[in-house]
Amino acid sequence: MAGGGKGSGRPAKKKSPTKGTGGNVRRGLEGKGATPPAHMRHWHKDKARTERIEREDRTGRPSSPRTPIRGRRSEDAPEYIGGRNPVLEALRAGVPASTLYIGLRIDNDDRVKESVRIAADRGIAMLEVGKEKLDRLTEGAIHQGMALQIPPYEYAHPEDLVSLARDAAEVPLIVALDSVTDPRNLGAIARSATAFGAHGLVIPSRRSAGVTGGAWKTSAGTLAHLTVARAANLTATLREYREAGLFVIGLDGESTVDIGDANLLDGPLVVVVGSEGKGLSRLVRESCDLVVRIPMNAAAESLNAGVAAGVALYEVARHRRR
């Protein structure tokens, strides 16, 4: 048996020493610099996902059975409402829409038939698409084979809300949202504001929910009849409202004044609703003429922003009917 080693009965032959790298590896690592950001690395999964979505949009065919995850939506991107009831309610309410997407081979129930009829009467484009496309448009939400594309919302200026009330010869009633970040709360507040005669909503341009598909869905179409304005600085806007003769009240559970005992609810009014977790911010609270609370059982620590706004607006409407 040639050679030594295990089983040969002879000692194994020693290997010669391995040559050193001579610093080649160390020098090869020098001068590389910091790792480039993710979006500059061609192998980064988010970039690959984005390229796959763009390829699907060009070809109309899904490249993967998986539903891609959408990145952060730009402010000028369209919004989508998913679900047969929400889509039908939006169409009935006259929500501005550009395209109605209908899934292939879906059950053609009464909601689908009426949605198609309304879309045809309004000249809204209709497209049949696969489930993958609908999943992507609605970001994985339940769509029941239907989605409605709506264009980006065109926000008004805060001064426009006062002008709307005065043009209608009505006493201004405006609802301001202080960093309400849940679109569903915005939609619920819009629904209450419409029901109790408010002339519009004011939201900050930063750190606040906007008029998105989720807000449209929760509002049950009432956002089509209510003006929403955006303020670059909410505290400055509230100060301008006060200078224009409007009384500004804020909702805060820590106040000692019940909303039913507040004065001037039947006059030109701004109702400020705080964020879901922290309530009114310090600067916004200081910008209010009066801070009030909604009296409730001690077992309930607080109400969410949507419910609180509805209760407060009902109380305002009750005072105005006297």
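Glutamine 144, at 39% relative accessibility, counts as partly exposed; in these terms a residue is buried under 20% relative accessible area, exposed over 50% and partly exposed in between, with a 1.4 Å probe and protein chains only. The model described here is predicted, so local features need pLDDT of at least 70 and side-chain atom pairs count only at pLDDT 80 or more, whereas totals for chains, interfaces and linings use all residues. Residues are numbered from 1 along each chain as its sequence is written, and side-chain values use heavy atoms, with hydrogens and water left out.

Most residues other than glycine have a negative phi. Glutamine 144 is not a glycine, yet its phi is positive, at about 55 degrees. The residue is found in the loop between helix 5 (131–137) and strand 4 (146–150); helices (H or I, at least four residues) and strands (E, at least two) are DSSP runs, numbered from the N terminus. Arginine 207, likewise not a glycine, has a positive phi of about 50 degrees. Its loop runs between strand 6 (200–204) and helix 8 (213–219). With a relative accessible area of 64%, arginine 207 is exposed.

Turning to the aromatic side chains, the structure holds 4 aromatic pairs. Rings of Phe, Tyr and Trp (its six-membered ring) pair if their centres lie within 6.5 Å, and planes under 30 degrees apart count as stacked, over 60 as edge-to-face and the rest as tilted. One of the pairs is tilted and joins tyrosine 80 to tyrosine 101, at 6.2 Å centre to centre and with 55 degrees between the planes. This pair links distant parts of the chain, 21 residues apart, with tyrosine 80 in strand 1 (residues 79–82) and tyrosine 101 in strand 2 (residues 99–103). Tyrosine 80 and tyrosine 101 are both buried.

Tyrosine 153 and tyrosine 155 form an edge-to-face pair, with 4.9 Å centre to centre and 65 degrees between the planes. Tyrosine 153 counts as buried because its relative accessibility is 19%, while tyrosine 155, at 26%, counts as partly exposed. Together with Trp216, Tyr153 and Tyr155 make up one aromatic cluster.

Serine 275 lies in the loop between strand 9 (269–273) and helix 10 (282–286) and is buried, with a relative accessible area of 16%. Not counting residues up to four places away in sequence, serine 275 touches Asp178, Ser179 and Val180. Histidine 319 belongs to helix 11 (residues 305–320) and is buried because its relative accessible area is 10%. Leaving aside neighbours within four places in sequence, histidine 319 is in contact with Gly260, Ala262, Leu265 and Asp266.

Conventions:
Contact means heavy atoms within 4.5 Å.
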